[in-house]
Amino acid sequence: MSSDIDRQIEQLKRCEPISETEVKELCLKAREILIEEGNVERVQAPITICGDIHGQFQDLMELFRTGGMCPDTNYLFMGDFVDRGHYSVETFLLLLLLKVRYPDRMTLIRGNHESRQITQVYGFYDECVRKYGSSSVWRYCCEVFDYLPLAALIQEEVLCVHGGLSPSVQSVDQIVLIDRKQEVPHDGSMCDLLWSDPEDIKGWSISPRGAGYVFGADVCHKFVHDNNLELIARAHQLVMEGYKMQFDRRLVTVWSAPNYCYRCGNVASILSFDDSLEKTFKTFDAAPLDARKIPAKAVPLDYFL
């Protein structure tokens, strides 16, 4: 099995899709692994955490050139693997292959775009139909989305989620109790973890995104204190400098899609933790133009939240 997986990894590194039959088998294997993982997956340092990728495959390869390839580097990707970029299929399938091949060295958690509803609007569904001639590959991938953990905890001290906190969740243990094997709901704690954002306010407020909440430093400090954490790490928001520390360095946003949507001009970053949880940010630029292949039919890029 590992020889087939290795061959498929090398094929996808060249940005060449695997067959529909291989995708189906891969997704079944991935679900067998992910069903054994908790809503909050416990991981150990050293580890490198990454933010949104959004189908920017060549930039994912730049990320690996910056941080090292798996399994040489342990990785935690905080969701939003798909949509908006031209190569969501290749991006998600390569990460999934690395998860199946090196399950203890690659951790994937769910973002708000790992959703049937969102992917039908922002590109992944259309890309699957265009590249495979039907929606079957999209359906296989969506079934995997439902099994992805909602959060990860690095050595009990760093909580990693895609979006942010929830007024319905006061403890990490409450995240463990969520029924995650479902489409992302429109509201409630699971929705909030994938959609919420930090903001310079006090307490909680309704999010302009139409889902989740915005929360202030006081909310962050209380959650960190009550759960004996050092840091909350999340993705979900474009940061022009690649990363942003907030709330007395108790919260960090990591953004890993450089020149987002091929036009924003931002740099990207990854965040590495050593054995003692010392942090090192590494920034990187978009892949050079000569490394890119632009598909004949581009996906819509009009949504920026």
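This note goes through the helix packing, the nonpolar cores, several individual residues and the backbone geometry of the structure above.

1. Basis of the note. The model is a predicted one, in which local features need pLDDT of at least 70 and side-chain atom pairs count only at pLDDT 80 or more, while totals for chains, interfaces and linings use all residues. Residues are numbered from 1 along each chain as its sequence is written, and side-chain values use heavy atoms, with hydrogens and water left out.

2. The buried face of helix 6. Helices here are DSSP runs of H or I with at least four residues, strands are runs of E with at least two, and both are numbered from the N terminus. In helix 6, which spans residues 124-132, the buried residues are Phe124, Glu127, Cys128 and Tyr132, where buried means under 20% relative accessible area, exposed over 50% and partly exposed in between, with a 1.4 Å probe and protein chains only. Viewed down the helix axis, these buried residues fall within an arc of 100°, so they line one face of helix 6; the arc is that of the directions from the helix axis to the C-beta atoms. They pack against helix 2 (20-34), helix 4 (88-101), helix 5 (116-119) and helix 7 (136-145), contact being defined as heavy atoms within 4.5 Å. Just after helix 6, glycine 133 takes a positive phi of about 85°.

3. Helix 6 against helix 7. The axes of helix 6 and helix 7 come within 8 Å and cross at roughly 140°, with axes taken as lines fitted to C-alpha atoms, for helices over the stretch in contact, and angles running from 0 to 180 degrees between N-to-C directions. The two helices are therefore oblique to each other, given that angles under 35 degrees count as roughly parallel, over 145 as roughly antiparallel, 65 to 115 as roughly perpendicular and the rest as oblique. On the helix 6 side the contact is made by Phe124, Tyr125, Cys128 and Tyr132, and on the helix 7 side by Val137, Trp138, Cys141 and Phe145.

4. Burial of helix 7 and valine 137. Helix 7 is mostly covered, eight of its ten residues being buried, and its buried residues pack against helix 2, helix 4, helix 5 and helix 6. Valine 137, which is found in helix 7, is buried with a relative accessible area of 0%. Leaving aside neighbours within four places in sequence, valine 137 is in contact with Glu20, Val23, Cys128 and Tyr132. Valine 137 and threonine 21 are 116 residues apart in sequence, and their C-alpha atoms are 9.1 Å apart in space.

5. Two nonpolar cores. A nonpolar core is a set of buried Ala, Val, Leu, Ile, Met, Phe, Trp, Tyr and Cys residues joined through side-chain atoms within 4.5 Å. The largest has 50 residues, of which Leu63, Phe64, Phe77, Leu93 and Leu94 touch the most other members, and its largest share, nine residues, comes from helix 4. A second, separate core of 29 residues includes Leu165, Ile175, Val219 and Phe247.

6. Serine 256. This residue lies in the loop between strand 12 (251-254) and strand 13 (268-273) and is buried, with a relative accessible area of 1%. The side chain of serine 256 reaches the backbone nitrogen of glycine 51 at 2.8 Å. Residues up to four places away in sequence not being counted, serine 256 touches a set of residues including Cys50, Asp52, Leu63 and Phe284.

7. Valine 172. Valine 172 lies in helix 8, residues 172-176, and counts as buried at 7% relative accessibility. The C-alpha atoms of valine 172 and asparagine 227 are separated by 6.9 Å, although the two are 55 residues apart along the chain.

8. Backbone points to inspect. Most residues other than glycine have a negative phi, and most peptide bonds are trans. A cis peptide bond joins alanine 45 and proline 46, with omega about 5°, and the bond from cysteine 70 to proline 71 is also cis, with omega near 15°. Proline 46 is in the loop between strand 1 (40-43) and strand 2 (47-50), whereas proline 71 is found in the loop between helix 3 (57-67) and strand 3 (75-77). Aspartate 248 has a positive phi near 55° and counts as exposed at 65% relative accessibility. Tyrosine 262 has a positive phi near 65° and lies in the loop between strand 12 and strand 13.

Key. A polar contact is a pair of N or O atoms within 3.5 Å; within protein, one must be able to donate a hydrogen and the other to accept it, and residues adjacent in sequence count only if both atoms are side-chain atoms.
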